[in-house]
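Open the model in your viewer and keep the selection tool handy.

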Amino acid sequence: MNRRDFLKLSTLAGLTGCSGRLPWQGPPVTVNMPGMAWGHLLRDRLPTPNPTRERSVEVAILGSGVAGLFAGWRLAQAGFTDFCILGGPEPGGNTAGSVLAGIPCPTGAHYLPLPSMESIHVREMLADFGVLRGDPHAARPVYDESVLVHAPDERLFMAGKWQEGLVPQHGLDDMAREQIRRFFAEVARLRTERGADGRRAFVIPLVQSSSDPAFTGLADETFAVWLGRNGFTAPPLCWYLDYCCRDDYGEGIEQVSAWAGLHYFASRDGHAANAEDGTVLTWPEGLQPVARHLRERIGAVRWLEGMALRVSEHRHGVEVCCFDAARDEAFTLHAKRVIVAMPLHVAAHVVANLADFGFDKTRDLPASASWLVSNFLLDGFPPEPDVRQPLAWDNVIYGSQGLGWVVATHQWIRQAKPAQTVFTAYHALANLPPAVARAWLAKASPAELLELAGRDLKAAYGSGFQRYVQRVEITVRGHAMATPAPGFLNRPGIAALRAADRKILFAHADLSGLSVFEEAAWWGEQAARHVLT
Amino acid sequence: MSSPSSTRRPDRLLILSVFIVASCGLAYELVAGALASYLLGDSVLQFSSIIGCYLFAMGVGSHLSKYIKDEDLLARFIDIELLVGLLGGVSATVLFVIFAWMAGPFRSVLYALVFALGVLVGMEIPLVMRILNARQAEFSELVSRVLTFDYLGALVVSLLFPIILAPHLGLARTAFLFGIANAGVALLTVRVFRSEIRHARSLALRSAIVLGLLLGGFALSERITQWSERGIFGDEIVHAETTPYQRLVVTQWHDDLRLYINGNLQFSSRDEHRYHEALVHPVLAALPGVKRVLVLGGGDGLAAREILRYPSVQEITLVDLDPAMTRLFSTSAPLTALNKGALKDPRVHVINADAGQWLETAGTAFDAIIIDLPDPNSYGLGKLYSEPFYRLVREHLSENGLVVIQSTSPYFAPHAYWCVVTTLEAAGFKTYPYHAYVPSFGEWGFVIGDRTGRYQPPTQYALPMRWLDATTTRDMFIFPADMQRVTVEPNRLNNQSLVRYFEEDWHRVIR
C-alpha cells in the first residue's frame, strides 16, 4: 500500500466512523418498499400471463387507499351492493400499518386533524365508526377520548433542551418572537377571510375554497418567496414552517406553493366539545384502524386481491385487465363503471385513453415526494434528559431535516410504561430533486437507510439510544404524495379528471394536488355520488 | 538493559502501579460525573465542569509535586495513594449521604472533593517518574513506559465503567472498589520497598487500616444508602427494595409500621384502619350478598383484609402492577400480620398486571370495584383517572354494582379531588363524594359511583368496626364550608388536567 492509498483508506474510515455505529453492532433492519416492484413492472410493461377468469360487476373500484375505500364505504352505506374493490399493489395506501412484537405501529400517515365544518363527509364516516358521538353536523362534536391525542402531545428539542409544543419558544430574539406572533395573527385572519365569490379563502376540501385570484394567485409562487415578501424571515419561524410543509406535503417552503403553505394553517378549523382546537385524532397504528373500519363496511366478499394493469373503455362498459401477483394469475373485470382510485402517475400507465379526458402526462402530472417511515422496536424507554418535559406523542428536533418521531404506545391507557415500545420516525426526502431521491432510495443499503432514519433519535438520546433498539422496520414510499408546487391549482388536465362523469371516474388525493385524508376522502365521496345519482 | 535483575521487580511494580493509579484516577472522575448527572441532571454540564475541575486540579498537583524532597519520594507516594484511596473510595457514598440529608452544601462538597482528588492524582505520575528516574532508568524509556501504562489504565476503566461497573456494582461500590485498588498499591509498595523506606512498619499498618476501612465500606455501602434514606424517612427501615416500577420502603418505629412508595407515605399502621374502613365499608355494607369484588391497586392487601370480613364474598380479584409489592405483603411477617394474610387467602386472586391493560381484556363483571391506586402524580397514573378508563370500569360493573375511588385530599387538593368526581360523572356515573379524617394523611377523599343513582350510605354496620359508625358515616358525606365543591374540568386524556391540578394543589400546601 502506498501513502496515497493509505490516506484514501483513512479518510474513508473517518467517514464511516462518523455514523458512530459499527456494522456488526447494528440492529436487524427490514426494508419494505410497498408497491415498488409491481409499480415498476407496470411502468416497464413487462409481459404478464393471459387472463384465466372473468368477473362482471356494476362498479369496480381500482385501488384501496383512502379515496377507494371511502368510495366503497359510501356505496355500501347507500345500500349499493353490486361493486368490488381491487386492493392494488399497496393495500390501504398511506393508511398502512404494521405490528412489531405485538405493538401496532404506523407505516404511513398517523393522524387526522379535527374535521372542519366543510369536511362533513369525514365527520359522517367518523360517526359511523363511533369515534364522533352525536350529531356529525354539530360545530363542536364529542369525540372518543381514547382517540384524541393524549397529553403531552408535542415537544421540540431546541438548543439542547426540550420545550412544549412545536413552535420554537426559547432563546428567540425579539424579531423572531414578533414575526411568529404576526404570522399566527395573519393565518387567523385568513381563516375567516372570504373572496369576491363569497367563499372562504382556504377550505378543506380545497375545491370549496374561493376562486378569487387574490388568493389563488398565491399558488403561483413558492411559500418561501411569499414569506420573504411579507417580512417573515426569522430562521426559527422559517424552520417551523418548512417543517410543517415537509410534514404535510413532503417538500419544504422552497418547493411548496404559498397557497398550499397557507392552506395548511388557514383551512383547519375543526373543533371538539371535549378537546382544544388543534387537537388531532390518532390511533397506535396510525390511520390503519380507519381503513380497517371502511374495509369491514365494504365487506370481505367485495374485496379482490390484485392490481389493474389496463383499463379500457368500450361502448357497453369498461374492461379491466388485472393481475394477482400472489397467485401469479391474470383475470378480467367487466364493469359498467370504474372508479380509478390510484395515484395519477400509476393511472397514466393503466388508463388507456387518459389523453381523451384532456389529461396531458407531461403537463399535468404532479411531482411526487419520497418518504421513509421507520419503526424502531425498543426494549424499554431511553432515559429522558428533563423530567419536566417527558416523552410526548410527537417529538421533533429543531433544525433537523427529519420530521421527528411518534410513540406507538402513547395512546395506551397504562399506569406504567410498557416493557417494549415502538418509536416511528418520519423522514421526507425534501430538498432533493424527486428523481435523485428515488434513485438514492432504490440503491441505498439498509445501513444507509437506518442512518438517515435514526438521525433525530440519535440527536435526542445520543448514541446510547442504540442499546434500546431491538429491530427496525423501514418502509420506503418512493411516490408517497403529490407536491403542491407553484402552478398546482391550474392544471387543466386535473380539472378535466375531476369533472369526468363517464364510464370511468377518478378518485384520488392527486385530484386536489395535496395528500391529505380529507381531500382523498372527498374525491372518493364525489365518485360514489356520481355512481349513486 | 544492564540494570541488575534485583531492581527489575520493583520497577515492574511501579509500572503496574501507574496502570492502577491511572485507572483509579479516571474512575473517580467518572463516578463524580455520573453521580452529579443522576442527582442534578444536565449531564453535559456536570461532566464538563467536573472534568475541567479535575484536570485543572491535576495540574495544580503536578506543580506541587516539586516540593516533595527526593528522599521522601516513596513514603509520600504511599501516603498519597492512601489518601486518594480513602477520599476516592468514600466519595460516592459521602456525596449521596449529603444529598439525602442536606441539600445545601452538595455542590460545594462535590467540587471540593473533585478538586482534592485531582490534586492528589496529579501528584502521582510525577512522583512515580521521579522514583523511576532516581533508580537510573533511561529517561526516554521511562517517559514512554509510564505514559503508555497511564493511558492504558484510562482506556480500561473508560470501557469497564459504563458496561460493567456502573450498571452492576453501582456508583458507591465502584468508588470503594477503586479505593481498595489504591490502598492495595500502597500496601504492595510498602512491602516491596520496605528496605528503602523509613518507618515502613507504621506505613504498612496505616495501609492496612485504610484497606480495612474501604473493604468495610464496600461491604456496607448498601446499608449506608439505606441509612441515608433514614434521614429522609426518619424511622428505622425494615425493608427497602427498588423494583422496576418503584422504590418500596417499609419503616418501623415502636408499633408504627409505615409503607412509602417513591418517598410518599402510603399508610401508617396506627391509623390505616380509618382509611381502609372508609374505603371499603360504605360500599360493601350497602351491597347485601356481595359476591365478586375487584381491587385495582391495593397491593398491600389491607383493603382485601376488610373485604374478606364479608362472608358472602366469594372471590376477590386484586390487580396490582408490581409483583414485588404483593410478594412483600404476602411474605413479610409484620406485614402479613397487618393484613391478616389477606393476599394468601384462597378467595383472593392476585394478578400482577397494569390495571388499564387488564381491564381491556377481562371479561367478567363485578359487584364492587375498589380503586386504590397511587395519587395521580404522573401522566401514566393520570390515565387511570380518566373518562375512558372509568367507562371501562363501568363495563365491568354489574347493574347494581358500586365503584369507589381513593381520590386524594379534598382539603389540600380540592381541584384534584373534584376533578376525579367530575370525571366519574362525565363517564356516566352518579357520584357520592365523601371524606374521612386519617391522622397521618389529614382529611382524605373518596368517591362512590353507581349507574342507578340509588346508592344510600349505610346507616348501620353488621360487622364490628374500629372507627366507622352511623354518625361518622353520615358526617363523611357532608362537605363543610371549607371543603365545598369547586368547578373544574374533567380529566381528559388529551390535556390530563388532573395531573396539573394535583401538582398545583399540593405545590400550594408543601412549601
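Start where chain A meets chain B: 17 residues of chain A and 19 residues of chain B make the contact (C-beta atoms, placed from the backbone, within 7 Å). Chain A's side of it has eight nonpolar, five polar and four charged residues (Ala, Val, Leu, Ile, Met, Phe, Trp, Tyr, Cys and Pro count as nonpolar; Asp, Glu, Lys and Arg as charged; the others, Gly among them, as polar). This is a predicted model, in which local features need pLDDT of at least 70 and side-chain atom pairs count only at pLDDT 80 or more, while totals for chains, interfaces and linings use all residues. Residues are numbered from 1 along each chain as its sequence is written, with chains lettered from A and ligands numbered from 1 in the order in which they are written.

Next, select residues 414–426 and 497–509 of chain B, which are helix 15 and helix 17 (DSSP runs of H or I, at least four residues; strands are E runs of at least two; both numbered from the N terminus). Their axes lie 7 Å apart at about 155 degrees (lines fitted to C-alpha atoms over the stretch in contact, with angles from 0 to 180 degrees between N-to-C directions). The two helices are therefore roughly antiparallel (over 145 degrees).

Finally, go to chain A and select 154–158 and 161–164, strands 9 and 10, an antiparallel pair joined by four bridges (pairing takes at least two DSSP bridges). Phe157(A) has Trp162(A) as its bridge partner. In the hairpin's turn, Ala159(A) has a positive phi of about 50 degrees.

Conventions: Two residues are in contact if their C-beta atoms, placed from the backbone, lie within 7 Å. Angles under 35 degrees count as roughly parallel, over 145 as roughly antiparallel, 65 to 115 as roughly perpendicular and the rest as oblique.
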